[in-house]
Amino acid sequence: MVAASNGREFPAITIFAHSLRFFRDHALKELTGQSSVTIDNDDVRWVITVPAIWKAPAKQFMRRAAYQAGIASPLHPDRLLIALEPEAASIFIRKLRMSQLIPEEDEGNRRPSSPPRGSPRLPHHDADSDRMQPSATTDHVSDHLKAGTRYMVVDCGGGTVDITVHELETVKGHLRELHKATGGPFGSTGVDRQFETLLCEIFGAEFIEAFKQKRPAGWVDLMIAFESRKRAANPRKDNPLNVSLPFSFIDFYKKQNGTHVETAVRKFGDRGVTWSVQGMLKLTPGAMIALFRPTLDSIKSAIYDVLSSPAVKGVELLFLVGGFAESAVLQQEIRKEFADKMRIIIPQDVSLTILKGAVCFGLDPTVVTVRRSRMTYGIGVVNRFDPTRHPDSKRVQKNGTDWCTGVFDVFVRSGQSVTLGDKVVRRYAPANYAQAASVIHVYCSESSDPRYIDDEGVTRCATLRIGHPETLQAPQAGDGGTEVWRSSSGCVIETVMTFGDTEIGVMARDVTTGLEVGSAIDFLNN
């Protein structure tokens with residue numbers, strides 16, 4: 001549920017569905033208007049981009065919201081692709097011409113900087129004269145990359161920052177993911193939160209909270225005014241930035257406190273934050289940069305964490321993308337911190353890089369051939385009891401034999417490389433051969449080594465039910481409920497998990513009858 005400013009709650013999936021429906025209708029209208037025929041929903045393969053650090057439940061939430069919006073359906077799931085934003089960005093950047101990149105510049109003198117030793121030799125674009133090296137106008141980024149080139153994608157958006165590392169497998173552009181997606185809530189809204197903290201320090205936290213609750217439209221106007229100043233912030237410029245406080249803010253403060261906002265600003269006593277003669281909150285460049293600092297430090301720390309992994313040794317390039325990457329403050333900070341370690345690549349149309357890359361991904365979803373699993377997946381099974389390995393609390397007896405119940409039988413581990421279309425096949429026997437159906441539960445965990453299905457952090461994420469027509473009795477509650485038995489004889493259930501795509505599939509088949517049941521991993525209802 002999502003709470004509105006008035007306190008009323010509304011289902012989040014309905015809100016997302018309304019938004020997606022608007023975009024769907026707008027896109028179809030534009031496509032129809034630019035063609036000689038009517039473009040219907042079924043004529044389109046839709047692509048929705050999501051942050052790479054989103055866990056599987058969030059991706060499934062977006063797919064379900066899209067279905068509610070009329071974008072694809074459970075009967076035609078292939079009409080909708082879920083693309084990871086850093087992957088989409090890296091696909092498109094490699095298609096760009098060199099002239100479409102923001103020039104690399106030394107601090108202050110606007111001349112090209114020297115790339116780190118060993119990094120790809122990309123042509124330079126002279127920003128002052130628009131002169132280029134002879135081939136720079138026609139060369140593409142991909143022309144200067146070779147098989148084996150490793151690069152990092154840092155996708156800085158509004159809410160999150162995604163970091164992934166890819167290796168170019170072939171000159172055709174197929175990619176291998178070297179490090180599972182990481183990052184955190186270090187997007188541009190972190191700067192907004194710092195600004196709100198500053199307002200609380202100047203005017204009081206109670207007043208700011210009251211203003212947000214009682215004048216929500218005024219609060220939105222205030223944050224829009226700050227957004228424009230945030231985007232204008234440039235470490236190479238010395239002019240102060242004026243943030244216009246809406247009349248509703250000034251009036252509400254006077255009614256609540258009996259004084260003018262100017263008085264509160266003066267009492268704050270920070271030379272970097274003053275009241276301008278134009279009646280605005282004036283921030284010096286240093287004061288504005290200070291609002292960026294915690295977010296910038298978090299982004300740099302996350303990048304260093306990835307670079308410290310042995311799996312990504314030899315990264316030569318850093319692609320900086322996302323809406324927040326338009327910020328000159330962020331661009332300079334990344335260049336200053338990492339230009340001596342990697343070549344920094346920033347597209348000129350940086351905020352549209354993911355959108356355009358999503359189109360490329362929709363045309364060829366197989367471009368990323370190897371990914372790292374975000375979680376460990378497996379099935380609950382019963383194994384022969386081993387007193388040296390299994391706790392006595394999990395001992396059960398069947399036909400005079402001791403068994404260990406609730407064992408997590410791992411199909412793929414968190415962080416493990418999985419190739420596109422990789423299938424893991426296991427065979428099991430039903431817990432009771434007389435039962436009318438077998439129920440197989442699929443579990444997941446962020447841990448790379450879960451042992452039992454009741455370990456902390458283990459979650460049931462899918463359920464498969466497969467009937468046995470040779471039995472006549474009705475299935476009883478709990479039949480085959482939590483585990484199946486590893487077996488190679490008698491009635492055999494074959495379970496297949498398919499990995500390597502942005503989403504995971506699972507299927508079970510009765511080997512004797514050939515009956516199959518499939519399921520998407522359901523992280524929302526289990």
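In the predicted model, Thr-495 stands opposite Ala-508 of strand S23. The two strands concerned, S22 (residues 493-499) and S23 (residues 505-510), pair in the antiparallel sense, and six bridges connect them. In a regular strand, side chains alternate between the two faces of the sheet.

A separate description applies to an open sheet of three strands, in which the order is S8-S10-S9 and the pairing is antiparallel. Strand S8 (241-243) and strand S9 (273-275) are at the edges and have a single partner strand each, so one side of each lacks a neighbour in the sheet. On average, neighbouring strands of this sheet are turned by 30 degrees against each other, with direction ignored. Between S9 and strand S10 (residues 281-283), which run antiparallel, there are three bridges. Within this pairing, Thr-274 has Lys-282 of S10 as its bridge partner.

Among the helices, H4 spans residues 189-203 and contains Asp-192. The relative accessibility of Asp-192 is 16%, and this residue counts as buried because the value is under 20%. When neighbours within four places in sequence are left aside, the contacts of Asp-192 are with Met-223, Phe-226, Glu-227 and Lys-230.

The largest pocket holds about 1,200 Å³ of space. Its lining comprises 39 residues, of which Val-47, Ile-48, Thr-49, Leu-355 and Ala-358 are the closest to the pocket centre. Two or more lining residues are given by each of helix H1 (12-33), strand S3 (46-50), strand S6 (161-168) and helix H11 (353-363). The greatest contribution comes from H1, which gives nine residues to the lining of the largest pocket. Divided by class, this lining consists of 22 nonpolar, eleven polar and six charged residues.

Note on methods
Residues are numbered from 1 along each chain as its sequence is written. This is a predicted model: local features need pLDDT of at least 70, side-chain atom pairs count only at pLDDT 80 or more; totals for chains, interfaces and linings use all residues. Side-chain values use heavy atoms; hydrogens and water are left out. On a 1 Å grid over the protein atoms alone, a cavity is a set of points where a 1.4 Å probe fits but cannot get out, and a pocket is an open set with protein on both sides within 12 Å along at least five of seven lines; lining residues have an atom within 4 Å of a point. Grid points are joined across faces, edges and corners, and a volume is the space filled by probe spheres set on the points. Helices (H or I, at least four residues) and strands (E, at least two) are DSSP runs, numbered from the N terminus. Ala, Val, Leu, Ile, Met, Phe, Trp, Tyr, Cys and Pro count as nonpolar, Asp, Glu, Lys and Arg as charged, and the others, Gly among them, as polar. Two strands pair if DSSP finds at least two bridges between them. Axes are lines fitted to C-alpha atoms, for helices over the stretch in contact, and angles run from 0 to 180 degrees between N-to-C directions. Buried means under 20% relative accessible area, exposed over 50%, partly exposed in between (1.4 Å probe, protein chains only). Contact means heavy atoms within 4.5 Å.
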